[in-house]
Amino acid sequence: MEASRGPPRVKDKRAAEVQITAEQLLREAVQRQDEQIIAPTQKFADLEELTAFQGRKRTEYENYCRRNRINMNNWMKYAQFELEQKDFRRARSIFERALDVDSTSVQLWSRYIDSEIKERNINHARNLCDRAVTILPRIDKLWYKYVYMEETLGNIQGAREVFERWMSWEPNEQAWSAYIKLEKRHGEFERARNIFQRFTAVHPEPKNWIKWAKFEEESGTSDLVRNVYETAIEELDTDFADEKVFMAYAKFEARLQEFERARAIYKFALERMARSKSENLHKAFTTFEKQFGDRDGIEDVILSKRRVHYEQEVKENPKNYDAWIDFARLEESAGDVDRVREVYEHAIAQVPPTTQKRHWRRYIYLWLFYAVFEETVPKDIERTRQIYNACIKLIPNKTFTFSKAWLAFAWFEIRQLQLATARKILGTSIGMCPKERLFRGYIELEMKLFEFNRCRKLYEKYILFDGTNTQAWIKFAELERGLDDLRRTRAIFELGLEQPVLNMPELLWKAYIDFEEEERQFDNARALYERLLEKAPHVKVWITYAQFEIRAPDPGQEEEEGAEDEEKPVAESAKDRAREIFKRAHKLFKSQELKEERVTLLQAYRSFEAAHGTPETLESIEKQMPRKIKKRRKLDDDSFEEYIDYVFPQDDESAAKLAKFMANAQKWKQAKAGAA
C-alpha cells in the first residue's frame, strides 16, 4: 500500500484567482520573522555572586567538553571565557588539555598563540610558536605567525633563524619570497642574493629565475643580471627552457640600448626552441624589430616567422596545395630565386594519388604559377617552356584535362612570337581532349589575328564536336554577320534550328529573330514567330510576338523611319496586329483549358490596352479578367488540400447559356409527353 503511494495529486490545476509573486513571499517571510532573543545583561552585587556565576559556567563548559571532546569550538569557548575572567592560569590549562585531545588543530594553536601575544606574554608565545612549528612544520600559517612576531619585536636575527628552520623543509615559493622580502626590507642584499640562489635550486621554474634577474636589476649591476640569465639558460637546458626567460633577457638588453645583444638572444632562442613553444617569442621579436630594427630586419623576421608556419603545414599535410601556393608566394616576395624554385619543385613533386579531377584542381595551379614566375622574374624562357611541357605531359588528358594549362602555354608562345607553335599546341589540345573552353580560346586568338577563315573552320569543328551547344551556333552566326555575309548567317541559324537536340533552343530562336529584326526583315521575323509557335506555343512567345508587332512598322514604312532616338506613336495597324495575336493566343489557351497561361496572357493584354488602347478596349479586357476562388482536391493518400483556381466570366456565360438551352429542351420534352 505504501509502495504504491506516489506524489500528491492536484485535482484542480486551474490558476488561482489571486496570484502571488516570489518577491512577495520573500518579503512576508522576512516581515514575519521572530525577533532575536538578546540575553539580558547580568550585574553582580558582590564577589560571592560572581563566584557562583563562574562556577555554573565552568560546570557547563566542562560538561560540553566531556560530552564532545573532539569539538575544538567547545574548548576554545571555554578558554575564551577564562580569558575574559582574567584567569590566565586556567585558560592555559584549558588550551593544554585541548592540545592533548588534538595537537594538529591549526585554529587551536592560533587562538592559543594570539591569546599570549595579546596579554604580552612574549616568552610564552615564542615557546608556543616553537612547539607549533615543530609539531606542524608543513603549516605555513604558523610559520608566518612566528616570523611576524619576531620581526614585530625587532628580533631580526631571530626571524632569520626561524626562516632558516622553515627553509630546511623546502616550502613553497611564497615562503621563499617572504624570506627574500625580509632581507630586502633591512638592506641585506647579499643575503637576499644567496637566498635566491638556494630558491632557484629548490624551485627551478623560469618565473623564479626572472624574479632573481629583476632583483639584480633593481639592486645589482648589469653583469649580475646577465649572469643570472645565462645561468638560467644553462640550468633549464633545451627541454625545460621557456620563452619567457629569453624574452625577459632580450628586453633587459633592449632597455640598456644593447640592441645587437637583444637581437642575438632572440635568434639564439628561436633556433633552439620548437615552434609550438615559441609563438610569443616570435611576436616579441617582431615587435622588437619594428621598434629598433631597420626595414630589412623587420621583413626578415616576418618572413622567417611565416616560413616556419608554412613549413609546418606542408610537413603535416604534403597534399595541402593551398599551403604550397602561399609558401611559394612568400618566397617570391623575399626575392630569392633559388628558394622559390626549391619550393615549387617540392610542391609539384606532390602529385595527386588519384585520377579524379577534383584532386587536381588546386595542384595544376602550382605548375601555372611556377611557369609565370620563371617567365616574369628570372625571365628564363627555356625553363618556362620546359615547365609547360612537363605539365601537359603529366595531366592524364585521356581522362580529363585542364583548358587553362593549354591556353596558358599557347599564349606564352604568342608572347615569344612563336605563332606556329601556339597554333600547334591548341590544335593538339583540340585533337587530344576537345573542350568548349579550348575552342573558344583558339577562336579568340584567331579573331585577334583577323584570321576569319581559320575561325570558320574552328567553328565548324566546334559544332561537330558539340552540336547541342546553342552558344556555338549563335557565336558562329555573329561572326558571319560581322563579315556582312547575311546568307551564311541565315544558313547557320537554320542549321542550328534543325538540330534534334539543343541545350537551350529558345536562345537560338531569340538570336535569329533579333537578327531579322535588326536587319529590318520584319516579314522574316513574323515567319520565325509563326514557326516557333508551331513548335512551342508558350505564353511568353505569344506576348513577345505581340510586343514585336507593336515595334514593327507597316510594310510600306520601313524606308521612312527617322532617327532612332525620336519617339513615334504606335500605328493603329500595329495595334490591330498585336490585338489579333492576343486574341489568337487567348482562344488557343481557352480551348486547351490552360488557366494559368490565360491569366498571364490577359494581364499582358490589359497592360497593352492600358498603354496603347482606349477606355472601351481596356474595359472589355477588364471584363474578361478572372476571379480567384479556393477549392479542395483529393490527394492519393485520401487527404485534401486547398488550391487557387480561376473562374473566367466568359466560361460562366457559356455555362449559363448551356443550362438555359437544356432547360428549354426539358420543357419541350414534357410538353410533348403531355400532348401525347
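About 50 Å³ of space lies in the largest cavity, where a cavity is a set of points on a 1 Å grid over the protein atoms alone at which a 1.4 Å probe fits but cannot get out. A volume is the space filled by probe spheres set on the points, which are joined across faces, edges and corners. The model is predicted, so to speak of local features takes a pLDDT of at least 70 and side-chain atom pairs count only at pLDDT 80 or more, while totals for chains, interfaces and linings use all residues. Residues are numbered from 1 along each chain as its sequence is written, and side-chain values use heavy atoms, leaving out hydrogens and water.

**Exercise 1.** Find which helix gives the most to the lining of the largest cavity.

*Solution.* 
- Step 1: list the lining, meaning residues with an atom within 4 Å of a point. L83, F88, A91, R92, F95, Y112, S115, E116, E119 and N121 line the largest cavity.
- Step 2: look for the elements that give two or more residues, and you meet helix 4 (88-101) and helix 5 (106-118). Helices here are DSSP runs (H or I, at least four residues), numbered from the N terminus.
- Step 3: helix 4 gives the most, with four residues.

**Exercise 2.** Decide how helix 14 and helix 15 are oriented to each other: roughly parallel or roughly antiparallel?

*Solution.* 
- Step 1: take the angle between the axes, which are lines fitted to C-alpha atoms over the stretch in contact, with angles running from 0 to 180 degrees between N-to-C directions. Helix 14 (residues 259-272) and helix 15 (residues 279-292) pack at about 155°, with their axes 11 Å apart.
- Step 2: helix 14 and helix 15 are therefore roughly antiparallel, a label for angles over 145 degrees.
- Step 3: check the contact (heavy atoms within 4.5 Å). Among the residues that meet are F259 and Y266 in helix 14 and F285 and F288 in helix 15.

Definitions and conventions:
Parallel < 35°, antiparallel > 145°, perpendicular 65-115°, else oblique. 1 Å grid on protein atoms, 1.4 Å probe; cavity = no way out; pocket = protein on both sides within 12 Å on 5 of 7 lines; lining within 4 Å.
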